[in-house]
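Student: Could we go through this structure together, one question at a time? I would like to see how each answer is reached.

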Number of protein chains: 2
Amino acid sequence: MLEDKKPAKTSLDELGEFALIEQFAKSATVALPSTLHGIGDDAAVLNHEGKTVVSTDMLVEGIHFDLGYMPLKHLGYKAVVVNLSDIYAMGAQATQILVSVAVSNRFTLEAMEELYAGIHLACKTYGVDLVGGDTTSSRQGLQLSVTAVGSAAEAAPVLRSGAADKELLVVTGDLGAAYMGLQVLAREQDVFKANPNHKPDLEPYTFLVERQLKPEARKDIVELLQALEVTPTSMIDISDGLASEVMHLCQKSDVGCRIYEDKIPLDPQLISVCEEFNVDSTTIALSGGEDYELLFTIKQEDFDKIKGNPNLTVIGHMTEKSDGANLVTRGDEVIPLKAQGWKAF
Amino acid sequence: MLEDKKPAKTSLDELGEFALIEQFAKSATVALPSTLHGIGDDAAVLNHEGKTVVSTDMLVEGIHFDLGYMPLKHLGYKAVVVNLSDIYAMGAQATQILVSVAVSNRFTLEAMEELYAGIHLACKTYGVDLVGGDTTSSRQGLQLSVTAVGSAAEAAPVLRSGAADKELLVVTGDLGAAYMGLQVLAREQDVFKANPNHKPDLEPYTFLVERQLKPEARKDIVELLQALEVTPTSMIDISDGLASEVMHLCQKSDVGCRIYEDKIPLDPQLISVCEEFNVDSTTIALSGGEDYELLFTIKQEDFDKIKGNPNLTVIGHMTEKSDGANLVTRGDEVIPLKAQGWKAF
């Protein structure tokens, strides 16, 4: 597919590793006061007031992404966003990233430019500096490793372990769309393989496909909560599905929870596509990954501050640990949650 | 080779990603006061006084290492050491690392335990905390990404750009051994392939082989220089060969240099093995990679402080930029240096 769209112009074999790094480093702007030195030395030099948070993720072709329907620019963007999401899930501000890329010789220099264009766009969108990384060849495919650094200067980082009985469980945005976007893309790819003349019509699925291909991290929520003067007692980002993430909060905080099925925020397009695919939308919201929304707990007295905000939905509350983690269905049945999130093995 | 030594006991497919991460996270000790929270949340939380330095590297099977002669425990150790070396090259103290591992299903849980045993040993040896990472499957082979974080609390980080005309160029330890160690191992592997009954005798090559399989980073030099009250004006670690690294210093500092061939520190075992392989030892020292020694510049007035120290060798001096980067041979010829270091492409 890469070869179809862009004929190979510059083989990576023609360039040295240093040349490649320097080429992309040139376009890495260093804008934040906390970035003293970016790319170009043995290490980047940062100057964070207060606490520093740091997280890393690896993305492997054929496991985490399929270049058959994931354009390289989107991949670069998403790889960054996924990591920034972890920083925002600490209630911190993302400030710097480091990106390592291992790539086989089936990729051209132009393909790498696309990938870095996405990386740079994400940096610009979220106001983070690209301060380091590594570029190397691989035997097969493309592997990306992103490390994100953030600053928790103004408030203490929000851990997974701070939730208490009776606190409210809040989720941002809506759930399940990224997973169903992937199902739509996979179906179109299957059709295309069977009939290469097929012209996919993704128009009815725009929202879902965008959630899959170009997810956004909730930087705005960290700022919103500060503005509302709400300090979450615990927080996590939803990368593996709601059920799995809420169980992480329960486990780390030594509490149970109740999630109300009728409160789970679902986009209308998700509901109609779940009907089309004949799958249960609640199951998709609970187990579909890659939404990168935030899930957090607040004290009951903070409810008035968030009430009515379209970005925030109270979906349940924490309970004593002995109650376990449960879903209360529309039919008022109480059933134990199961973590069935997507796993890399 | 892995299968020969350790029969598959636990397939990675049997375990979830979370189980694997948690299993190895249990043995990750958090010991430093600057590590507030390690593995187990969306991000690690660090509390560094002063400046933070951060660097990352990716190691790919078949490109950077060959498991035919690199045991997994050594690989884990080396992957960490290589990254710590970048932190010490800033004159900083390494404090935390994050390690991501992508691994195909040809590896067993026991193999991963070996890898992490090496990672943990390096952490213990260098006094750094393992605070994060990612574990995922790969389509083929093993890929490792290590991010190292350090603290430059007491002194400003030493950049590559601070060298000036007439300053002395100093190198630690000796050069070329890691590269010749690799040649020895590759030769033994070729012999073994031709004759599987061949018993390799690595005894005469112990030093070289250890430099290749178990390199150490020069944490001691950062401490030594502090004790001697010597502040390098520029510094870099030697991962790609002396010539390539000194040219980085020249380029970033806008100076030239002269290296004296007869001053380049070589181990006697290196000299004899170069004779055996019929290669020029100066070429090996200039272009062979992976020594992880430090190369730095000091002001002339600091010479008395380092004179006679067995860890430190003055190999030349910086010059005006217009003179270029040159080697002065034993025959007093002045020839331009060429960066012929190992490149990943």
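Tutor: Let us begin with a definition: two strands pair if DSSP finds at least two bridges between them. Helices (H or I, at least four residues) and strands (E, at least two) are DSSP runs, numbered from the N terminus. This is a predicted model, in which local features need pLDDT of at least 70 and side-chain atom pairs count only at pLDDT 80 or more, while totals for chains, interfaces and linings use all residues. Residues are numbered from 1 along each chain as its sequence is written, and chains are lettered from A and ligands numbered from 1 in the order in which they are written.

Student: Which element gives the most to the side of chain B that touches chain A?

Tutor: Residues are in contact if their C-beta atoms, placed from the backbone, lie within 7 Å, and 55 residues of chain B are in contact with 55 residues of chain A. Several elements of chain B each supply at least two residues of that side, including α3 (72–88) and β4 (93–103). With nine residues, the element that gives the most is β3(B).

Student: Which are the edge strands of the open sheet of seven strands in chain A?

Tutor: The order of this sheet is β8-β10-β7-β11-β9-β12-β13, with mixed pairing. An edge strand here pairs on one side only, and in chain A these strands are β8 (234–238) and β13 (334–336).

Student: What is the bridge partner of Gly256(A) in β11(A)?

Tutor: Strand β9 (residues 256–260) and strand β11 (residues 312–319) of chain A run antiparallel and are joined by four bridges. In β11(A), the partner of Gly256(A) is Thr319(A).

Student: How is α5(A) turned relative to α6(A), parallel or perpendicular?

Tutor: Axes are lines fitted to C-alpha atoms, for helices over the stretch in contact, and angles run from 0 to 180 degrees between N-to-C directions. Helix α5 (residues 177–194) and helix α6 (residues 206–213) of chain A pack at about 100°, with their axes 7 Å apart. Angles under 35 degrees count as roughly parallel, over 145 as roughly antiparallel, 65 to 115 as roughly perpendicular and the rest as oblique. Therefore α5(A) and α6(A) are roughly perpendicular.

Technical notes: Two residues are in contact if their C-beta atoms, placed from the backbone, lie within 7 Å.
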